[in-house]
Amino acid sequence: MIITLDKNTCLHKKPNVVFILTDDQGYGDLGCAGNNVIQTPNIDKLYHESIRFSNYHVGPTCAPTRAGLLTGHYHNSTGVWHTIGGRSLLRKNEVSLAQVFKNNGYKTGIFGKWHLGDNYPYRPHDRGFDEAIIHGGGGIGQTPDYWGNDYFDDTYFNKGQPKGFKGYCTDIWFNLGLDFIKRNKDEPFFCYIPTNAPHSPLHVSEQYSSLYQGQVKDDRAKFYGMISNIDENLGILREKLREWQLDDNTILIFMTDNGTADGCDLDQQAFVTEGYNAKMRGKKGSPYDGGHRVPFFLHWVRRGWNSGKDINRLTANVDVMPTLIALCDLDVPDGLQFDGVSLVPLMEGNDQSWEERIIVTDSQRLPNPVKWKDSAVMSEEWRLINGTELYRIKEDPGQREDVAVLYPEIVESMRQDYITWWEKVSRQFDEEIPVSIGSDLEKITDLTSHDWRGDAGDCAWNQGDIRAGKVCNSYWEIFVEEDGVYCFELRRWPEEQGNHLREGIPGVLKGWYSGGRAIPIKKASIRIRDFEETKDVKQNDQFATFTVALKKGPAHLQTYLEDEHGNILGAYYVYVKRNLNKET
């Protein structure tokens, strides 16, 4: 059904969705949340014109929040309990929100930070997005990202292919989103703009950071400046929606992905010592509310949700997918179930029938999850932290008085809730999440140390570690898609950087860190299944090449670069290609 507004404009019955997700901005990093320093007039205006879920929770770090948001499932069960180490990859069998929109006739686009996999089958255009322009990894300047990106005039990946852009990253993401909206304004669309800002490194034009210099310390001035730039772009986006007569039937959502990273400083007990965090304890990564309670605003004129209204019931990121499916009247695959629930009854004021619920979130950041680690079991009244600390959250929102000894029966009940949750999310913990090689959908697979398994995954996750030549190593989980002969190129530097294996980087570069050291690498080795081979490395070799015949199926790949002193590190980059001219 099409509702004609005038001879130039029409709107489909199904609403459009524009979803803005910012990175590392906390609940207190907004003027409308009581922060008297930061200037966010456009976000504040949206706050006053939206339904606000004021008791809304996510994962305490980046990728886990995204996994829960885009699947409606607790992040641990999706395989995403870390931000690196091969455990930021969204399991292949998960159905994404973008896939559901696409299957219902929506145009889908993502512009910004994906952080759920950089190789097939985990890339956004493998998971339902028609258009996808993103940076690599979990932040600009991380190992999977295009070499030398520093937020200005960067090269991003357009459905996996590098493309250069002019301007500041946040401006680019919003401009790409607006272009997508304009091209698709006559049919329903899902436009997802997950900014990398204000995630570190804290790079922003002085035009924005200068607003706060002298009021807060320098890093916080940059952090706030990055948020003010986001705010400016939100204002432009809303103007364009009005200009294109799309504001009436567009669901506009604003949220952040975890607690603040730089909006406050904490003491050893996670209490705020400097800065502002809306009176909450903890920040990014913390099991206390400051780590995972974030803003969530939803604005939709056609349904009358364009004036300020608070909903204080306990909600979470896993509720978003079932909510949007209900609001947009979308069909879903048979048998698809969610850990979250539709929030439409609350939005329509029917909270009398709303059932008391328990929500669990945690921060693992380990190769393999550990029970009770950095966990929060939440109800309307209580917070159980790490299975031992208990807080009455309504009376004690700052979580200062542990009352576990006074209410042992509450502790025991919530511990049982956690155990039930753990049994559900841990069923696939031992299953691998391999990157495919040899697929026709990714002719060359660029493996990076960002996805090394094991503890070494923490070692070389950003380009600064690569420059430093950190001596660490681990393996990749891979899946060989087709029988064939495969070529493996082992590199210390990415192809676009161009250095040879032994070479360093003189001077200072833009980005996270300064120049990198030379390493006198003399040998390169590879091990995959029962195949092992070593080759000598010559002075000006950019890479070492190995040719291996492989059968279809799972495997572990490990590489070794040995210097003349006997130190061994892994190849931070491995380019893999199936040789179509040879057979096994």
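## About the model

Because the structure is predicted, local features need pLDDT of at least 70 and side-chain atom pairs count only at pLDDT 80 or more, while totals for chains, interfaces and linings use all residues. Residues are numbered from 1 along each chain as its sequence is written, and side-chain values use heavy atoms, with hydrogens and water left out.

## A helix and what follows it

Let us begin with helix 6. Helices (H or I, at least four residues) and strands (E, at least two) are DSSP runs, numbered from the N terminus. Helix 6 covers residues 218-243, which makes 26 residues. From first C-alpha to last, helix 6 reaches 38 Å, close to the expected 38 Å at 1.5 Å a residue; the expected span is 1.5 Å times one less than the number of residues.

Gln-245 lies in the loop between helix 6 and strand 11 (250-256). With 33% relative accessibility, Gln-245 counts as partly exposed (buried means under 20% relative accessible area, exposed over 50%, partly exposed in between, with a 1.4 Å probe and protein chains only).

## Strand 25 and its partners

Two strands pair if DSSP finds at least two bridges between them. Strand 25 (residues 521-528) runs antiparallel to strand 28 (residues 553-563), and seven bridges join them. Here Ile-528 stands opposite Leu-557 in strand 28.

Strand 25 is also antiparallel to strand 26 (residues 531-536), with six bridges. Lys-523 has Asp-536 in strand 26 as its bridge partner. Two residues lie between the strands of the hairpin that strand 25 and strand 26 make, and Arg-529 in this hairpin has a positive phi near 50 degrees.

## Aromatic rings and charges

Rings of Phe, Tyr and Trp (its six-membered ring) pair if their centres lie within 6.5 Å; planes under 30 degrees apart count as stacked, over 60 as edge-to-face and the rest as tilted. By this rule there are 34 aromatic pairs. In one of them, the ring centres of Phe-53 and Phe-296 are 5.6 Å apart and the planes meet at 70 degrees, so the pair is edge-to-face. This pair links distant parts of the chain: Phe-53 is in strand 4 (residues 51-53) and Phe-296 in strand 14 (residues 296-299), 243 residues apart. Phe-53 and Phe-296 are both buried, and they belong to one aromatic cluster whose members include Phe-19, Tyr-56 and Trp-114.

Rings can have charges over them too: NZ of Lys or CZ of Arg must be within 6 Å of the ring centre and within 35 degrees of the ring normal. Arg-415 has its charged end over the ring of Trp-372, 4.2 Å from the centre. Likewise, the charged end of Lys-535 sits over the ring of Phe-546, 5.0 Å from its centre.

Most residues other than glycine have a negative phi, and most peptide bonds are trans. Which kind of peptide bond, cis or trans, leads from Tyr-120 to Pro-121? That bond is cis, with omega near 10 degrees, and Pro-121 is in the loop between strand 6 (107-112) and strand 7 (131-134). Ala-197 and Pro-198 are also joined by a cis peptide bond, with omega about 0 degrees. The loop between strand 10 (189-194) and helix 5 (206-209) holds Pro-198.

Ala-270 is not a glycine, yet its phi is positive, about 70 degrees. Its place is the loop between strand 12 (264-266) and strand 13 (272-275), and Ala-270 counts as buried because its relative accessibility is 13%.
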